[in-house]
Amino acid sequence: MRKTMTEGVVVNLPSFPFLFHTVSPSSSNCRLGFRRFSASLSTAVKEGSVSLGHSTRPDFPILHQEVNGSKLVYLDNAATSQKPTAVLRALQNYYEAYNSNVHRGIHYLSAKATDEYELARKKVATFINASDSTEIVFTRNATEAINLVAYSWGLSNLKPGDEIILTIAEHPSAIVPWQIVAQKTGAILKFVNLDENEVPDMEELKEMISERTKLLVVQHVSNVLGSVLPIEDIVIWAHTVGAKVLVDACQSVPHMVVDVQDLDADFLVASSHKMCGPTGIGFLFGKSNLLLTMPPFLGGGEMISDVFLDHSTYAEPPSRFEAGTPAIGEAIGLGAAIDYLSGIGMQKIHDYEMELANYLYEKLCSAPNIRIYGPKPSDNIHRAALCSFNVENIHPTDLATFLDQQHGVAIRSGHHCAQPLHRHLGVNASARASLYFYNTKEDVVEFIRSLNDTVSFFYAFK
Amino acid sequence: MALYSFSSARFCTSKFPICFHIPKPSKFPFFSNRSISFQKVPTKSPLPLQSSSTQLQPMEEFPPKLQEIIKLFQSVEEPKAKYEQLMFYGKNLNPLDTQLKNKENKVEGCVSQVWVRAYLDEDKNVFYQADSDSVLTKGLAALLVNGLSGRPAKEILRVSPDFAVLLGLQQSLTPSRNNGFLNMLKLMQRKALELLIEAEKGNGSSGNGQIENDNSEKPVENSNSDSKVDENSGVRFGSRKSNEDSSNGLGGRGMRIKEKLERELSPIELEVEDVSYQHAGHAGVRGSDGETHFNVRIVSKEFEGKSLVKRHRLIYGLLDEELQTGLHALSIVAKTPSEVEAN
């Protein structure tokens with residue numbers, strides 16, 4: 001007979017039906033209170049009576065599978081998002097119907113591919129309210145976009161003694177390219193610390209800004225802390241000294257309305273794969289007057305105007321920064337993702353996620369010995385729908401492994417590409433659960449239940 | 001329903017010294033001495049995977065302890081109990097000295113931190129020690145430590161990582177940089193190989209000049225009786241090409257090392273060489289003032305009558321302060337005047 005492992009806690013193993021386990025019928029109903037919807041129901045349901053998570057789930061085939069004997073609960077959206085069938089179809093359709101190289105050919109397929117590719121660019125521009133689609137440069141991902149700004153704008157604009165301000169919560173893709181460029185140009189990197197709410201300190205940032213400041217690089221939403229920075233204000237402070245602002249919007253563009261004109265950002269970057277689009281494509285938004293002054297990043301075809309043996313002239317932006325054959329299918333896939341998201345409405349997505357974020361935070365707080373990083377949600381402080389946390393005396397890797405193997409729950413453990421931040425918080429690693437609009441309250445409930453089970457298991461062993 | 005095989009003989013043989021730690025019954029149902037008897041359910045086949053895979057190494061080639069461990073895990077069918085068994089191994093692992101938790105001993109590719117250290121006993125068998133901050137990886141490390149320790153290097157080198165599949169722990173065997181288990185085994189095998197090479201080359205001159213082998217050592221004379229504090233990693237026998245001007249470019253630490261050794265050991269020959277540049281880029285080096293790795297060649301009467309291990313212990317003792325403040329590793333050649341003359 002299987003014995004309980006800790007006093008009073010019954011070990012449930014729903015995924016191993018051949019074992020004894022004592023589950024009272026009523027308790028299993030509350031615990032696994034999934035409401036099951038058939039696919040047809042999602043179209044027939046009136047708006048408002050079904051949560052966004054439930055209504056969109058059928059569009060994501062990958063979510064309907066079992067992992068290690070349990071239903072998959074995917075909570076690693078900050079790492080990458082899942083793709084709806086609309087995007088998958090767009091990709092397939094591109095390759096089946098009109099795949100051809102863009103900008104070069106005259107024939108029908110090439111013209112169609114070019115149209116769709118440029119249409120995708122327009123969709124991105126509209127999505128973030130850029131004033132013109134020539135302000136959108138397609139790159140491989142946000143990391144490449146930041147490198148583009150660093151090598152192109154940075155190398156030609158930074159001088160010894162110039163200062164670049166970042167926060168300690170930045171992703172290495174935002175830090176490392178500037179370290180490299182700072183070394184080459186003699187510029188200096190300065191870092192803003194966290195305040196008592198575990199959010200980058202805006203007072204400190206304001207004080208750091210001086211006439212020597214040439215650039216600020218800030219995350220709109222932190223992938224570890226869940227905090228949201230006041231970009232509009234930061235841009236105002238920066239512009240008073242003539243500094244530019246590069247916004248890392250990887251965790252914000254997929255989840256909320258982002259308007260580059262409202263923000264007045266000089267540069268903004270995001271990746272497609274975090275917003276229901278395919279991997280291999282991302283973009284840089286840059287104000288026209290800035291892009292026009294910037295020299296090329298990568299050299300090759302597409303970005304040239306005339307090529308001679310001893311020199312070449314370059315194309316206008318955005319082509320100037322898009323050397324070689326682009327990721328055409330992927331760009332079109334991103335366009336389809338934007339259509340999908342716009343069809344739901346970013347405000348609606350944001351509101352739903354706020355609800356879910358608060359629910360997650362609340363429920364997570366009730367787990368034993370848990371420490372959640374980042375600010376407490378309140379009227380003034382909104383958190384993104386993600387929580388990085390640590391449970392005392394249990395290594396996050398152990399948590400994540402057990403959650404995956406025993407419960408099919410996918411979270412992340414590690415430093416989430418934020419080593420300086422983790423060092424500052426005094427930990428080696430943390431666990432992180434991050435949601436997207438196709439997650440449901442039941443996902444959160446299942447996560448908490450599994451987490452409690454996991455924690456009990458490890459504590460019992462000690 | 002799955003039942004467990006519970007033959008006490010298996011757990012408490014002399015081959016499993018760690019299992020003599022019998023936990024309190026209330027916490028470990030797996031090892032409880034409640035009066036419940038289990039019978040082993042005959043499984044479909046002893047090694048269900050062997051029929052499908054042609055490449056699986058035959059059990060007989062594994063070190064005997066490893067075979068026992070594999071069989072033990074196979075008899076436990078329920079995954080949770082497997083984890084408990086794993087963690088139990090980890091719990092009984094001897095803690096690793098903090099000094100040994102350095103870059104040379106760190107397993108790459110683990111999301112948690114894992115260190116492994118190897119040394120030879122008098123019979124040239126390889127022994128391991130390991131530690132980790134995550135209980136599951138500690139368990140895996142302990143499994144390897146228990147399974148592989150006490151065996152000759154050649155046997156250890158023959159072990160193919162496929163056996164992990166037999167454990168049923170759903171260990172991925174993809175050779176990626178993130179596969180901690182695979183990297184653990186690889187590191188242990190690499191260390192065994194290094195120890196083997198050192199041993200075969202004999203005392204004194206190895207001459208292969210590889211800095212990365214700092215972790216291997218060869219305390220051929222009565223090493224096992226010494227406490228593990230003596231056997232520090234980062235110590236390696238072997239002559240280096242000597243630098244005529246050994247104080248060329250020595251910084252503060254280098255000079256301090258030289259002064260200390262000169263004062264305490266009155267050597268007739270002393271060379272201190274800063275080779276930190278060869279380690280630049282290691283995570284352990286970043287943030288220090290750059291003086292992290294040194295070669296030391298010292299000839300002194302003080303070493304007469306002392307075993308190689310004792311000589312090293314002496315030097316390490318003198319430089320303890322440096323070790324606490326950023327000195328990472330020393331590569332030491334310590335001889336007596338008569339030994340030098342004989343060569």
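Reader: Which residue is the bridge partner of A:L166 in strand 6 of chain A?
Author: In this predicted model, A:L166 is bridged to A:F191 of strand 6 of chain A.

Reader: What makes strand 5 and strand 6 of chain A a pair?
Author: Pairing requires at least two bridges. Strand 5 (residues 163-167) and strand 6 (residues 188-192) of chain A are joined by 5 bridges and run parallel, so they count as paired.

Reader: Why is helix 3 of chain B called roughly perpendicular to helix 4 of chain B?
Author: Helix 3 (residues 79-91) and helix 4 (residues 135-148) of chain B pack at about 70°, with axes 7 Å apart. The label covers 65 to 115 degrees, and therefore helix 3 of chain B is roughly perpendicular to helix 4 of chain B. Residues in the contact include B:Y83 and B:L86 of helix 3 and B:L140 and B:L143 of helix 4 of chain B. By class, the contact has 9 nonpolar, 3 polar and 1 charged residues.

Reader: What makes strand 4 and strand 6 of chain B edge strands?
Author: The open sheet of 3 strands in chain B has the order 4-5-6, with mixed pairing. Strand 4 (269-274) and strand 6 (329-335) of chain B each pair on one side only. Strand 4 of chain B runs antiparallel to strand 5 (residues 293-299) of chain B, joined by 6 bridges; B:D274 has B:F294 as its bridge partner in strand 5 of chain B.

Key
Residues numbered from 1 in each chain as written. Chains lettered and ligands numbered in written order. Predicted model: local features only at pLDDT ≥ 70, side-chain atom pairs only at ≥ 80, totals over all residues. Heavy atoms only, no water. Axes fitted to C-alpha atoms, helices over the stretch in contact; angles between N-to-C directions. Helix = DSSP H or I, 4+ residues; strand = E, 2+ residues; numbered from the N terminus. Parallel < 35°, antiparallel > 145°, perpendicular 65-115°, else oblique. Contact = heavy atoms within 4.5 Å. Nonpolar A, V, L, I, M, F, W, Y, C, P; charged D, E, K, R; others polar.
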